[in-house]
Amino acid sequence: MITRKRLATGACALLAALAAGLFPTGAAADEPAAKESPKVELVLDVSGSMRARDIDGQSRMAAAKQAFNEVLDAVPEDVQLGIRTLGADYPGQDRQKGCKDTRQLYPVGPLDRTEAKTAVATLAPTGWTPIGPALLGAAEDLKGGDATRRIVLITDGEDTCAPLDPCEVARDIAARGIHLTIDTLGLVPNAKIRQQLTCIAEATGGTYTSVRHTEELSKRVRQLVDRAADPVVTPVATEGTDRCADAPRLQPGLFTDRETFGQHRWYRVDVLPGQELRASVSVSADRAVNDDYGVLLRAVTVRGREIVRGSEAGDGRTDVISTGLRYPKPPLDGVDGDAKPAAETVCLQVSNSFSAPPGVKTTPGMPIELAVDLVDAPDEASDVAAFGLGRGWWLLAVLVLAGFVGGLLWGWLSRWRVAVWRTN
């Protein structure tokens, strides 16, 4: 009898196990699939020109290795990182062989920092600059899955393997619809190199940056690797106008436009009571520009009164210059909770003071990126912006009043001192 009960119990347990395997529980079936880790591949130029010693007193290759070591130490745990080289192996003059000189130095996947650093330490400046083939190889390294994918290209020269134009390669990669972004970093401030690297980056929605110091290189690569782990925000193309009345009405988001030298572009945003408008703009100098430049972002009422402004100026070579502003609109008192308050239309004006040297084309305009956000306005009245002290006329009135009171006090004290002197 006992044996029969044990057999029955064992049979029931076996059936339960089979049922659990064939028909998973609802909780397990409803669990969302884990998000795939972002993938990044660093593509490093190891061509012969990387021997040049013009970055902080050391060679470009030494600066790149130092920056790589710092970047590898700071890579987030959830990022799958790989490294590909170009021009690292073939030192000869055979163009056909030199233009195939690209290989994956470290596979894309979970990072072993010691192994990756050891691989980078073995590199020495060697051969050609096959940027196009390297980008194609990197795209293959990153294919598969739905992860965020990013290529970071670090080079000091122009591609030497035409007619395989790296800009056309980047456009072909973008046309595949695999959501792969290419960012480029140039180690030499050369106009022709800048033009090619800018074209590669813009074809895939990436960025171009000119770097001249090891610290800048390390910082920028770390930013791009970290960005791969963040949600991707695709900017929306828009077109500003030359006056507020005709300007496009923007919702919170990221927008791109182009602005010629010294031009004003207008946009509109509706701000409800109890909201704070936060806006920032970046202007990219994608060509040679004269020294002394600036960017201005103004918030203006529809009647033309300035509310608040943000500005930034520079002197020397830069690639991007940015500024921003905040405008909190206090909530209305004594308004019925069911009544919908009317929004205030705020006009945003973007201006720049760039100028171009002779021979530099001014069209198309320089790329600008405008970020608009609406958040809850601060509750504390101590917030300076809530009082409007950032608005020019308020500040002027305070200064005038303070000067008037100070003048009266000084005059009274002077007369009192003269009277005391005469009496004594």
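**Exercise 1.** Work out how helix α6 (residues 131–141) and helix α7 (residues 166–175) pack, starting from their axes, which come within 8 Å and cross at roughly 20 degrees.

*Solution.* First, the ground rules. This is a predicted model, where local features need pLDDT of at least 70, side-chain atom pairs count only at pLDDT 80 or more, and totals for chains, interfaces and linings use all residues. Residues are numbered from 1 along each chain as its sequence is written, and side-chain values use heavy atoms, with hydrogens and water left out.

Step 1: the axes are lines fitted to C-alpha atoms over the stretch in contact, with angles from 0 to 180 degrees between N-to-C directions. Helices are DSSP runs of H or I with at least four residues, strands are E runs of at least two, and both are numbered from the N terminus.

Step 2: angles under 35 degrees count as roughly parallel and those over 145 as roughly antiparallel, so α6 and α7 are roughly parallel to each other.

Step 3: list the contacts (heavy atoms within 4.5 Å). From α6, Ile-131, Gly-132, Leu-135, Leu-136 and Ala-139 meet Pro-166, Val-169 and Ile-173 of α7.

**Exercise 2.** Now classify the pair α3 (residues 60–74) and α5 (residues 113–121).

*Solution.* Step 1: their axes come within 10 Å and cross at roughly 170 degrees. That makes α3 roughly antiparallel to α5.

Step 2: Lys-65, Phe-68, Asn-69, Leu-72 and Asp-73 in α3 touch Arg-113, Ala-116, Lys-117, Val-120 and Ala-121 in α5.

**Exercise 3.** Find how strand β10 (residues 275–284) joins β13.

*Solution.* The two run antiparallel, joined by 9 bridges. Val-283 sits opposite Ile-321 in β13.

Terms used
Angles under 35 degrees count as roughly parallel, over 145 as roughly antiparallel, 65 to 115 as roughly perpendicular and the rest as oblique. Two strands pair if DSSP finds at least two bridges between them.
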